Amino acid sequence: MQQINSFEAYIKAYQDSVENPEQFWSAVANNFHWTKPWETSLEWNFTEPNIKWFAGGETNLSYNCLDRHLATKANHTAIIFEPNNPDEKVRKLTYQELYIEVCKFANVLQSLGVKKGDRVCIYMPMVPEGAIAMLACARIGAIHSVVFAGFSATSLADRINDSACKILITADAVYRGDKLVALKNIADEALENCPSIEHCIIYNNRNETVNIVPNRDLWWHDQMNIISAENLSVPMDAEAPLFILYTSGSTGKPKGVLHTTGGYMIYVGYTFLNVFNYRDEEIFWCTADIGWVTGHSYLIYGPLLNGATTIMFEGVPNYPNAGRFWEMVDKHQVNIFYTAPTAIRALEACGTQWFEGKNLSSLRVLGSVGEPINEEAWQWYYNNVGHSNCPIVDTWWQTETGGILISPIAGVTPLKPAFATLPLPGVQPVLMDTEGNEIEGNDVEGNLCIKFPWPGMSRSLYGDHERFRQTYYNTYQNYYFTGDGARRDAEGYYRITGRVDDVINVSGHRIGTGEVEDAINGHASVVESAVVGYQHDIKGQGIFAFVIITQHEENLVQQIKDIVSKIIGPFARPEKIIIVPGLPKTRSGKIMRRILRKIAEGDVSNLGDTSTLLDPGVVEEIKRLAGL
Ligand code: WT7
């Protein structure tokens with residue numbers, strides 16, 4: 001595949017991609033293996049919306065990640081697995097070995113009756129078997145739905161039920177730092193309410209004792225021992241669903257973002273190669289979990305499509321100490337390192353002594369993803385991790401976009417700290433004003449929309465196309481609305497300012513305020529609650545909950561935090577809770593979150609227009625309770 005290697009080449013590629021998008025992406029698609037050529041490269045409208053790339057074509061993502069490389073790279077390392085405990089053994093899988101495992105697991109799934117279009121839920125730790133399960137699904141056309149292993153039993157059950165998954169793949173347990181998470185126990189609790197599940201396949205990760213439900217539960221190793229490695233690779237329609245990934249929005253239950261095969265494949269393959277300027281033989285490490293889209297696109301699919309070596313790390317950045325990342329960079333001679341600002345800020349707070357004795361000279365490119373990176377953290381990352389000679393690619397994208405949309409191209413795009421810089425080829429961002437008009441020119445700010453399709457974009461929400469339309473294509477007619485605000489500076493560079501809806505980004509985890517409120521309201525003593533985000537030095541944003549209760553009881557605040565962990569997952573625990581007598585509502589009953597956000601930020605100097613408040617006294621009372 002052609003790589004962009006100069007700024008002039010980027011400008012040229014960008015122009016081509018806007019003037020002749022179909023030609024541009026067809027040329028990219030031709031670098032992949034298709035079992036049947038496509039008939040039309042693009043059909044689209046943003047009204048229904050209906051988006052089809054390479055319709056009529058047939059391909060297989062798993063084949064493109066594995067088989068395609070076997071002639072030249074069979075003995076090349078595909079995955080390096082670094083266990084949570086640094087004293088345990090590193091595992092390396094070559095492309096040949098990974099291929100065999102994936103073929104076998106595809107046969108296991110088929111032997112259990114999994115067919116094209118069936119849904120398979122993957123609730124796994126960061127071990128190669130998680131990747132093997134994903135690739136095996138893609139191989140036979142089963143739609144995978146990976147659920148982050150930090151989610152609770154309730155969240156897991158909701159996700160399984162929303163898409164009626166047939167199989168659940170999980171592990172006995174996993175250590176994250178020194179904490180043991182008993183995944184199978186959580187899965188058992190979830191499965192009490194999941195009638196569609198026929199089998200639960202358990203990967204023995206820690207030799208922990210688990211409960212086995214006869215007929216339903218099967219061990220991964222038992223199944224793999226009796227199965228053949230016959231090569232099943234089912235040709236898939238370019239627009240066949242590939243995976244579902246649940247994500248949070250402003251309102252309602254999580255949305256099952258749906259991605260399809262051909263467009264997603266070529267988009268992540270192309271953007272991996274170009275954004276990171278990946279070079280043959282390099283070691284790539286993305287610290288994201290496979291439970292999030294970054295893990296799908298840039299830990300598994302993007303690197304494997306390019307024949308790269310990708311690192312899967314089971315543990316956490318601060319175990320056994322805050323030098324773990326740097327020790328791993330040195331140990332595995334990592335060339336490209338991709339992480340989240342929250343991890344950078346947390347490690348920055350631990351001090352530079354953790355770099356001592358670690359050689360980071362293998363690093364060539366650094367990446368950032370998941371939330372805005374503040375200039376201070378950018379500089380620290382650039383100077384201390386990158387020794388002032390590695391470009392930082394600040395990659396802006398979303399679960400819905402499938403791959404990176406706005407980002408520097410490493411070594412090519414002139415950098416500007418805290419700016420995602422310029423759109424990648426094929427991406428046409430615009431800023432909108434409140435009237436729904438495009439804001440022209442530079443040095444402006446508005447709501448970020450995209451006005452032309454790109455191959456990696458989501459096609460629907462699983463089982464609810466109308467919600468898809470309403471969420472993304474209704475705010476602005478004929479535009480995809482991202483939910484983010486952005487500034488375009490005098491040079492035309494983009495800086496993402498954050499969400500403009502009721503989504504909070506806590507340590508790069510996307511959480512809907514409504515979801516947290518629902519969880520809190522589930523407590524017997526809670527009448528009503530309102531949740532907002534506030535600026536947090538390490539996590540980017542923290543969760544602040546204002547709660548009305550029926551009666552005071554001991555440990556209530558603690559209990560409310562616990563119920564959120566229990567219903568959503570520990571990562572969604574509110575940082576701060578205050579018990580309030582009422583909430584600031586308008587006469588029509590709408591909560592004025594703007595006021596609560598100001599209070600949560602501790603800045604009540606200017607609360608704006610409060611004339612529509614039903615009872616302005618409530619605001620004074622909340623301010624007093626918040627100590628302001
Ligand atoms: C939201 C999407 C992208 C994969 C991981 C998160 C925020 C993401 C950046 C960035 C500023 C960013 C946006 C976006 N975001 N990357 N480089 N700079 N903000 O995927 O969970 O779907 O969250 O994360 O607000 O809308 P996600």
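User: Where is proline 49 placed?

Analyst: Proline 49 falls in the loop that runs between strand E2 (40-45) and strand E3 (50-55). The model is a predicted one.

User: Why is the pair of glutamate 82 and lysine 331 called a salt bridge?

Analyst: The rule asks for a side-chain nitrogen of Lys or Arg within 4 Å of a carboxyl oxygen of Asp or Glu. Here the N to O distance is 3.0 Å, so the pair qualifies. It links distant parts of the chain, with glutamate 82 in strand E5 (residues 77-82) and lysine 331 in helix H12, 249 residues apart. The structure holds 32 salt bridges.

User: How do you know which residues make up domain 1 and domain 2?

Analyst: The domain assignment gives domain 1 as 7-316 + 395-486 and domain 2 as 507-625. Their centres, taken over C-alpha atoms, are 33 Å apart.

User: What makes domain 1 and domain 2 count as being in contact?

Analyst: The cut-off is heavy atoms within 4.5 Å. By that rule, 19 residues of domain 1 are in contact with 14 residues of domain 2, so the two domains do touch.

User: How is the size of the interface between domain 1 and domain 2 expressed?

Analyst: An interface is often sized by the accessible area lost when the parts come together. Between domain 1 and domain 2 the buried area is about 1100 Å², and carbon and sulfur atoms give 42% of this. On the domain 1 side, Ser152, Ser248 and Trp292 lose the most area to domain 2, together 34% of what that side buries.

User: Why is the pair of arginine 510 and glutamate 400 called a salt bridge?

Analyst: The N to O distance between these side chains is 2.7 Å. The limit is 4 Å, so the pair passes. Across the interface of domain 1 and domain 2, the rule finds 2 salt bridges. The count of residue pairs in polar contact between the domains is 10, both residues being at pLDDT 80 or more. Helix H7 (residues 153-162) gives the most to the side of domain 1 that touches domain 2, with 3 residues. That side divides into 4 nonpolar, 11 polar and 4 charged residues.

User: Which residues come nearest to the ligand?

Analyst: Of the 17 residues around the ligand, the nearest are Asp394, Thr395, Thr399, Asp484 and Arg510.

Methods. Residues numbered from 1 in each chain as written. Predicted model: local features only at pLDDT ≥ 70, side-chain atom pairs only at ≥ 80, totals over all residues. Heavy atoms only, no water. Domains from an automatic or database assignment. Buried area = accessible area lost by both parts, 1.4 Å probe. Polar contact = N/O pair within 3.5 Å; in protein donor to acceptor, adjacent residues only side chain to side chain. Helix = DSSP H or I, 4+ residues; strand = E, 2+ residues; numbered from the N terminus. Nonpolar A, V, L, I, M, F, W, Y, C, P; charged D, E, K, R; others polar. Near = heavy atom within 4 Å.
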